[in-house]
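Try each task before reading its solution.

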Amino acid sequence: MAKPNPSHPSDDMPRGGAARHATPKGRLLVRNIGHLVTMDASRRVLKGAWVLAEDGWIRAVGEGRAPRADGAEVLDARGGIVTPGMVNTHHHMFQNLARAFRPISNLPLLPWLAGHIPLWRRFTPDDLFVATQVACVELMLSGCTLTSDHHYLFPRDGAGDILDAGFHAAAALGIRYVGCRGSVNQPSDIMPEWSTQDLDVILADCDRLHGRFHDARPGSMAQVAFAPCTVFGCSGEHYRESARLARHLGARLHTHCGETIPENHDAVERLGSRPLAYMARHGWEGDDVWLAHGIHFTDAEVRRLGRARMGVAHCPVSNMRLGSGVCRVNDLRAAGATVSLGVDGSASNDSGHLLNEARAALLLTRVVHGAGAMTPEQALELATVGGARNLGREADLGSIEPGKCADLAVFPSSDLFSNGAHDPVHGLVLCHARNVDALVVHGRVRVRDGQVLGVELGPLLERHRRTARRFHDGLKKG
């Protein structure tokens with residue numbers, strides 16, 4: 001299992017620019033690809049294809065006989081389907097320690113939040129480390145090579161610098177990671193005093209994390225975003241100063257918005273406007289902002305989001321699980337906003353399979369708008385191109401073409417649940433979600449034969465179970 005103590009990072013964990021910007025030396029040839037879903041500008045699907053990468057970057061892509069690549073590592077796709085590495089744009093990884101938590105399993109968002117917050121009173125960096133590793137293994141096996149994590153839990157008696165543990169856990173597995181420094185500076189009925197921080201503490205930690213982990217260069221493995229939680233836990237000054245600092249440092253901005261109807265109504269009563277307008281007044285408008293969920297927007301708000309080229313992280317399974325509603329994916333995209341996918345917290349999903357989110361997004365859009373409302377190819381766009389854009393990585397991620405990072409998900413051409421599919425690429429989305437055979441991140445094979453390399457999964461899961469039981473039992477004891 002990867003190194004378990006986040007307070008003592010190993011030599012390959014992020015410390016400075018060189019360490020957090022992996023530049024593998026060598027060549028990789030992925031050959032015998034049955035269907036290569038490039039997601040390039042023409043959305044080409046190549047058959048009988050190959051990909052040649054060098055030093056982490058795609059050098060050539062083609063069909064037919066693969067080129068000679070003397071000295072290259074060879075990955076045989078065995079006739080499988082290769083997509084760009086998928087991108088997860090919204091998550092709360094700590095919540096996989098409260099999956100299927102029975103006391104709140106049938107509640108809508110706000111009571112659900114209030115019901116699980118008491119679990120985390122004594123949350124520590126070690127807890128985030130194990131939760132992040134489990135979350136990242138889930139995501140990697142589902143085809144994800146870049147994930148974000150919106151971590152807003154910083155109990156005042158929690159030990160150490162909590163979000164650092166997330167960066168260390170992801171680095172040990174070799175997945176790209178955006179640590180969204182979440183925050184709450186106002187207590188409420190949901191977020192008690194112990195879960196809040198003073199604004200100067202929040203901003204100082206954002207600055208510290210950015211200095212330690214953020215790498216803006218192409219091919220970056222680690223970045224930082226600033227992410228106040230919601231308008232009900234964060235003051236207007238909080239939003240304004242977070243935006244000011246982020247733009248000074250070149251970081252992106254993330255928050256929840258438009259998730260439920262009651263939130264919108266309460267914002268009008270308490271703040272004088274709906275959340276989107278309130279945030280905009282405090283600087284949260286522009287193509288460096290992406291919003292989680294974005295379900296309940298008016299027509300005028302959809303147009304506003306499009307004009308500003310803002311992003312929305314669509315979380316279809318979580319939205320269904322909590323009964324929150326259906327994101328207006330097609331309307332947002334038509335207006336000019338970028339829509340991506342997020343698995344959301346593993347206590348409201350209750351797992352983190354990104355390919356399954358693409359399938360759910362397609363099915364949910366069709367439920368509302370009809371069978372022609374979304375194609376399998378468009379669902380894959382959300383998972384790849386859309387995700388790269390919303391995280392500011394469209395220049396180096398999201399498609400398979402020369403000059404992009406060698407991030408590839410290799411899925412089996414079929415499995416029990418898709419056997420006999422007429423179109424294998426459509427079957428990848430329409431049939432039951434499957435795991436990858438292999439995963440390549442920046443030219444390095446990180447999953448081979450369905451196993452994440454460098455991870456002893458049994459001991460990791462046992463440690464995760466023990467940690468989860470500690471929180472469950474602690475709540476029972478009060």
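The exercises below concern salt bridges in this predicted model.

**Exercise 1.** Find how many salt bridges the model holds.

*Solution.* Apply the cut-off: a Lys or Arg side-chain nitrogen within 4 Å of a carboxyl oxygen of Asp or Glu. The count comes to 30 salt bridges.

**Exercise 2.** Decide whether the side chains of Arg43 and Glu381 meet in a salt bridge, and state what the pair ties together.

*Solution.* Step one: take the N to O distance, 2.9 Å. The limit is 4 Å, so the pair qualifies. Arg43 sits in the loop between β1 (27-37) and β2 (45-54), and Glu381 belongs to helix α13 (residues 376-390), so the bridge ties together parts 338 residues apart in sequence. Step three: check accessibility. Arg43 is partly exposed at 32% relative accessible area. Glu381 is buried at 14%.

**Exercise 3.** Classify both partners of the Arg393 and Asp396 salt bridge as buried or exposed.

*Solution.* The closest N and O atoms of this pair are 2.8 Å apart. Buried means under 20% relative accessible area. Arg393 has 5%, so Arg393 is buried. Asp396 has 5%, so Asp396 is buried.

**Exercise 4.** Repeat the classification for Glu401 and Lys404.

*Solution.* Their side chains form a salt bridge at 3.7 Å, N to O. Glu401, at 26% relative accessibility, is partly exposed. Lys404, at 11%, is buried.

How values were computed: Residues numbered from 1 in each chain as written. Predicted model: local features only at pLDDT ≥ 70, side-chain atom pairs only at ≥ 80, totals over all residues. Heavy atoms only, no water. Helix = DSSP H or I, 4+ residues; strand = E, 2+ residues; numbered from the N terminus. Buried < 20%, exposed > 50% of the residue type's maximum accessible area, 1.4 Å probe, protein only.
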